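Here are my notes on the model, point by point. Please read them with the structure open.

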Amino acid sequence: MTLLHLNGVTRTVQLVDAPPLTILSGVDLDVNVGDRVSIVGRSGSGKTTLLNLLGLLDNPTSGTMLFDDRPVQSLSSGARDRLRGREVGFIFQQFNLLQGRTALENVITPLLYADGRQFWQRARIATEMLERVGLGDRLGALPDRLSGGEQQRVAIARSLVRGPRLILADEPTGALDLETGESVMDLIDEVATQSGAALVTITHDPAIAARATRHLRLDHGVLQRSSPVSG
Amino acid sequence: MASNLVGSVIEAWQELRIHKTRVMLSLIGVAVAVCAITTVVGLGGVAQQATVESSERAGGRAASLYLSASMNDGSIPTGMPEIWRTALERYEIDFASRVVNTSQTVQFANGAVPVQTIGVDPPYGTMHRITLEKGTWFTDEDQTRLAPAVVINSVFWDRLGRPDLRTHPSVTILGEGSTTAVITGIYPALSWETEPAMYMLADALTSLPSGAADSNSQFGPPSYELWVPVDVSEQLVTALQRDVQGALGSEAFVQVNRQDYAAYQDGDPFLSLKLTVGAIAGLVLLLGALGLVNIALVTLKQRIREIGIRRSFGATAGRVFFAVMMESVVATVVAGVVGVIAAVLIVKSPFVEDFISQGQVTDFPPFPVDAAILGLVCATVVGALAGLIPALVAVRVKVIDAIRY
């Protein structure tokens with residue numbers, strides 16, 4: 001089942017004293033439920049812009065983009081935000097935990113934008129999620145009291161707590177040492193597999209990219225198939 | 001819907017808890033501003049009351065009518081006491097007094113001294129806000145005393161050596177025959193009063209052996225004073241003029257007019273004071289608001305990343321806008337409450353009341369509720385306005401840029 005469908009997607013930005021800059025050009029991509037996709041590319045190749053589009057943070061300039069067969073360009077800003085909160089989980093390179101909040105409060109944060117059972121039972125759901133990533137004994141710890149690996153695990157728990165069907169990982173191990181990075185990727189794979197979510201990983205690291213089942217390269221805004229390179 | 005509202009409240013509370021220092025700074029700025037505006041308005045009320053009471057002591061309360069009558073040949077009209085009583089009964093006027101200005105010679109230890117003496121009826125004390133340091137003002141029972149009662153000023157009391165009123169001190173009023181008067185009360189002398197003065201009941205004064213005739217020839221006929229409701233004062237002026245003139249005939253010259261401080265004012269007599277106070281208070285609040293906006297904008301820069309993270313987890317632009325606004329409003333309302341409480345404590349402190357009133361106020365006005373409401377409304381409006389700018393900035397944040405900020 002196709003979760004995300006991009007067809008001929010381009011993204012250009014208007015510059016003041018220069019012709020429009022094309023960042024993405026003719027991107028075709030299908031992401032299915034349970035997919036493991038890696039996207040590699042150099043700095044400036046358009047990875048961030050593609051991440052914005054996939055995460056419903058930005059709209060394509062042209063082309064078609066469907067999420068669950070719904071054209072996202074026609075969605076209102078609020079509807080897109082709600083769809084993102086419900087269906088997309090972000091994992092960032094710098095963890096991006098909210099400072100001053102405990103691990104539990106960080107994992108609760110996405111549930112504050114949910115409704116129904118997810119909202120009213122947010123503390124229990126968040127606690128279960130932290131236990132699932134092995135941090136059941138660090139619920140009250142503040143981010144600056146956690147190691148890098150623990151922080152990323154909190155971030156993973158936070159991104160998955162609403163049960164998204166698409167996980168977007170932006171350099172998820174970029175701030176971790178090799179061994180911790182491996183264990184974090186194992187955890188992401190495991191949790192994504194258990195929840196049946198699709199995982200799109202944007203990375204510089206060939207070893208991380210090699211864990212995916214589909215490998216793509218972004219080069220000057222053009223997305224193309226790539227062969228896996230083992231780290 | 002409920003989850004949205006509860007979620008926003010939780011978010012705002014978390015923000016306030018996490019950013020305690022910033023919140024405290026905002027609170028201090030706004031609380032000081034609200035305290036200032038409320039205090040200034042509150043103290044303005046006390047100062048206004050001081051002015052009112054000072055005016056009322058001198059010229060009576062609003063509306064005070066003054067009646068004088070004399071015959072065209074300058075003599076005192078006969079039958080005035082009966083005409084006066086009839087008028088009071090007819091118009092059901094409770095607060096009225098004759099006023100007889102005389103000078104009586106009083107024997108002090110170091111000699112006889114002329115003392116300004118005003119003969120009045122018991123309601124005069126209420127009509128002119130006379131408050132006593134010690135003792136009591138005249139009552140109807142004092143009319144039947146064999147030794148007349150006198151209420152003296154503090155200068156007089158000092159000259160007597162400040163005798164205890166419980167010992168029923170007396171003074172001797174000299175004349176054709178000496179009269180012993182009992183001191184029943186002491187009123188504070190105004191700051192410019194250096195000579196002894198006293199009040200006596202008008203009937204007692206005119207009964208003194210050397211009394212009324214000499215006094216009248218020296219100070220003129222007694223005047224009559226009435227404290228009536230403002231809204232009927234004009235009709236009463238006309239009615240009294242007509243009645244007294246009718247009773248005395250065309251040979252008499254009768255004059256009734258209103259002479260209290262409010263009679264000479266068009267509109268609000270304290271409008272200029274209020275406008276001045278309002279302008280100062282507005283300026284103070286504006287400075288507080290600018291400080292709040294400044295702090296909010298500076299700290300927003302530090303929060304852009306956090307806002308980006310929240311947006312990535314599904315916070316809509318409206319939710320972010322509402323949360324940032326609510327933080328500002330909640331903080332300023334709390335600050336407003338703190339400021340108003342501080343203002344009440346300041347305005348109602350005995351030290352400040354004494355300083356502002358300068359001894360001129362007997363009926364201290366309660367803390368003006370409108371000042372407190374004004375302070376809270378201003379705080380809320382300032383919070384909303386000060387929150388608007390950072391909230392607009394917050395919703396314009398580019399999410400990915402913010403996350404990588």
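1. A:Thr12 stands opposite A:Thr22 in E2(A). Strand E1 (residues 2–13) of chain A and E2(A) run antiparallel, joined by 8 bridges. Strands (E, at least two residues) and helices (H or I, at least four) are DSSP runs, numbered from the N terminus.

2. The sheet is open and has 4 strands, in the order E2-E1-E4-E5 (chain A). Pairing is antiparallel. Two strands count as paired if DSSP finds at least two bridges between them. Strand E2 (21–32) and strand E5 (70–71) of chain A are the edges, each pairing on one side only.

3. This is a predicted model: local features need pLDDT of at least 70, side-chain atom pairs count only at pLDDT 80 or more, and totals for chains, interfaces and linings use all residues. Residues are numbered from 1 along each chain as its sequence is written, with chains lettered from A and ligands numbered from 1 in the order in which they are written.

4. Chain A averages a pLDDT (the predictor's confidence in each residue, from 0 to 100) of 88. In chain A, 98% of the residues score at least 70. Confidence there is lowest in helix H7 (residues 178–195), at a mean of 84, and highest in helix H3 (residues 103–108), at 95.

5. Contact (C-beta atoms, placed from the backbone, within 7 Å) links 20 residues of chain B with 24 residues of chain A. On the chain B side, helix H1 (2–18), helix H9 (271–312), helix H10 (317–347) and helix H13 (399–403) each supply at least two residues. H1(B) gives the largest share, 6 residues.

Conventions: Contact = placed C-beta atoms within 7 Å.
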